[in-house]
Amino acid sequence: MIRALTGFSTRNPWKVIALWAVLGIALAIAGQAFVFRATQSSTGSFLPPSYDSAAALKVAEERFGVEPDANTLTVLVARPDGAQLSADDERRIDEEAAEQGRHRVVMPTPEKEVPFAQDHSQTPEVAGLVTAPDRSFRLLSVELKGNPMDPGVQDTYRAFREQSRAGFAEAGFRTGFTGGLASAVDGVDAEESRARVIGIVMLGVIVLLHILVFRGVLAALLPLIAVSVIGGAATGTVVGVAMLTGTALDPSTPQLINVVLVGIGIDYFLFLLFRLREQLRRRPEQSGKAAAAEVSGRVGTAVTSAALTIVAAFATLGVASFGQFRVLGPAIAVSVLVMLLGSLTFMPALLAVTGRRMFWPSQAHRHEPRGGSAARLGTWLARRPLTAAVAAVLLLGALAAGMAGVRMDYGSGDAGGEPTAAAATAAEISRAMPAGVSDPISVYVTTSDGAPLTVGRVEGLSGALSRLEGVGQVAPTVLSEDRRAARLDLFPNVDPHGQEARDLASGTVRDAVSAHRPDGTEAHVGGTAAVFADVSAAVDRDLRLVFPVAAALIALILFLLLRSLLAPLILMLAVGLGFAATLGAAALVFQHGLDQPGVAFTLPLVLFLFVVALGTDYNILVTDRIREEMERPGPAREAVARAVRHTAPAVATAGVVLAASFGSLAVNPVAATQQIGFATALGILLSAFVLSIVLVPACAVLLGRSLWWPAKPRPAAAEPASETGTPERALVP
């Protein structure tokens, strides 16, 4: 089937290119237009209903009309001269707030027209919240609806901010805005230029690497074009499937898909380019189109095996209980399948059309180069395999030692660096009121005996909660319209996004609620702190489940591919050591070096899937070549040396490109994204340069043909050699 796909594509290249161009552009446009309708940003919505905070969220939606896409903002209103607010000031503030609640906010027309874009114009819900004890300011609660990552929603917030700022200024007051949506918009505004520069630099690095390696114009540009077209189609496919199935994606999913596809897509194109250049050197009389057909069929097998390994690894996330993981895994698996289809059709068609012109103006494909560093490395590994293996294990072991005492950080991912306007407003609020006033812990009480709730009935619980250490204030009880539920908002004295708040919500508060809830009622603890406390429990459970399932599935694929018991074991031990080294290095840098609370709670799972799956990706290419070389006459040491000579340049270049792609995330101001970018880039480099190029070949030299036990490859009869001394048999790079 693989050869049928590649063969059809190289025989009908222009038809395949035209089809991909139309589908890729159409799906990319559709993906951009509908992506924010397919994503939702409420972390609590990804929790199973059995968790307490998820039950609280359900009560909030059913009894208090809280919508899943509601964004609550806190607006600070104060006198510009810093004086205390008078009773008349409070009255005028509330009058202006009511006026703002009657004005419809019109979403500005975007600079770039987006097809099928939603109009997020709306009338905000504005209500007075509380006046600071020192009367230095009054807080208002504002609700805007929509996905906070949607540029249209962000523009609507900007319009509301300017509209309300002008209204309160006319009334003689200054304003400040904080909350999730305000923080997100301030972060986007602060990082817009940086993100654009980072994207340009990353593309420039990839193009430069291709120019240095191939010294060809098309070889430098076509991989990016091809991956952009296929990546757009993949994103559109994932968004379309999500909308058709009613699945809500996490806002980070499209970004991760783009990073993954840029990396692996360019990797697969690189494998084709290296093998095409080798083929043209070996058979200069062959036409470019014929060479492309032969190369695509042979490389397609290895690429398919590598891609299916990644698909299998990510598909295992489907068994996770935490919805953010359960959705992310299959989404990336689908996108990788689309990239695989493009690698077997679109990329071969481009090779067939360009042929030797792919490497113009370089003439390097016309002659066999000298051995170079890859050949010298292969020779050294053949002579000193034990030294190489021990050095690699010691390096990885030293980095893995950083896992000692590693802690998980379940923070909300606030940006670091220069404080934004939203952060400054939150800091001003915390100086006069409990830190959690803008993001309270909410206790929801519902009646189970049929008797309506009253303020007096929950007064005992409210009093018990107000006496808890760490709780600065308990807001007045709010009853639902049908008197079947009550909400008690607790304002903690600690950072509402920190570990202390999560411990408070999941420990002391829940214990007090269990002990003091009124008879005939049920009670649940919700809010950001409670949600992330439950997320930590769900993630701990999922890590214990997903890791062994993914490892077993990858081992099975390796067994079927390599037809060996020992080789898959060696590869799995190698990538396992690489995973431990990468996580240990992240802990050394961020937890111990930069004194952060710990590593992001998503990091171990992301690293396991990316480093193990992509590390296995490179190992498949190397071991596949080693096996084929061992099927030739001669000692196993020489076979490994030849395999390293041919595969090391491709793996090294692919590793650098993929590391650069992930490394672009390391300059993001959000700590969790920084960690994922740094650690994944490091893990890819370790997988490429330490595992695939050094450790695995060294083990192959030490074990010889026993590596393929129980079925050792038997050397075939000597094959005729080309003028360069390379046997005529073509091999996968």
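Residues are termed buried under 20% relative accessible area, exposed over 50%, and partly exposed in between (1.4 Å probe, protein chains only). The structure is a predicted model, in which local features need pLDDT of at least 70 and side-chain atom pairs count only at pLDDT 80 or more, while totals for chains, interfaces and linings use all residues. Residues are numbered from 1 along each chain as its sequence is written, and side-chain values use heavy atoms, with hydrogens and water left out.

With a relative accessible area of 45%, Leu556 is partly exposed. Leu556 lies in helix H17 (residues 528-562); helices (H or I, at least four residues) and strands (E, at least two) are DSSP runs numbered from the N terminus. A nonpolar surface patch is formed by Leu553, Leu556, Phe559, Leu560, Leu565 and Trp709, which together have about 580 Å² of accessible area. Patches consist of residues with over 30% relative accessible area and no salt bridge, like charges being joined within 9 Å and nonpolar side chains (Val, Leu, Ile, Met, Phe, Trp, Tyr) within 5 Å. A salt bridge is a side-chain nitrogen of Lys or Arg within 4 Å of a carboxyl oxygen of Asp or Glu. Accessible areas come from the Shrake-Rupley method with a 1.4 Å probe; for residues, only the protein chains shown count as cover.

Four strands form an open sheet in the order E2-E3-E1-E4, with antiparallel pairing (two strands pair if DSSP finds at least two bridges between them). E2 and strand E4 (174-179) are the edge strands, each pairing on one side only. From one strand to the next, the twist averages 30°. Strand E1 (residues 70-78) pairs with E4 in the antiparallel sense over six bridges, and Leu76 stands opposite Gly176 in E4. Helix H5 (residues 151-170) packs on the sheet, touching E1, E3 and E4, and its direction makes about 155° with that of E4. Helix H14 (residues 421-432) also touches E1, E3 and E4, its direction making about 100° with that of E4. Contact means heavy atoms within 4.5 Å; axes are lines fitted to C-alpha atoms, for helices over the stretch in contact, and angles run from 0 to 180 degrees between N-to-C directions.

E2 and E3 are joined by six antiparallel bridges, with Val126 opposite Val142 in E3. Their hairpin has six residues between the strands, and Arg135 takes a positive phi near 60° there. Arg135 counts as partly exposed because its relative accessibility is 28%. Asp595, likewise not a glycine, has a positive phi near 60° and is placed in the loop between helix H18 (566-593) and strand E11 (599-600). At 67% relative accessibility, Asp595 counts as exposed.
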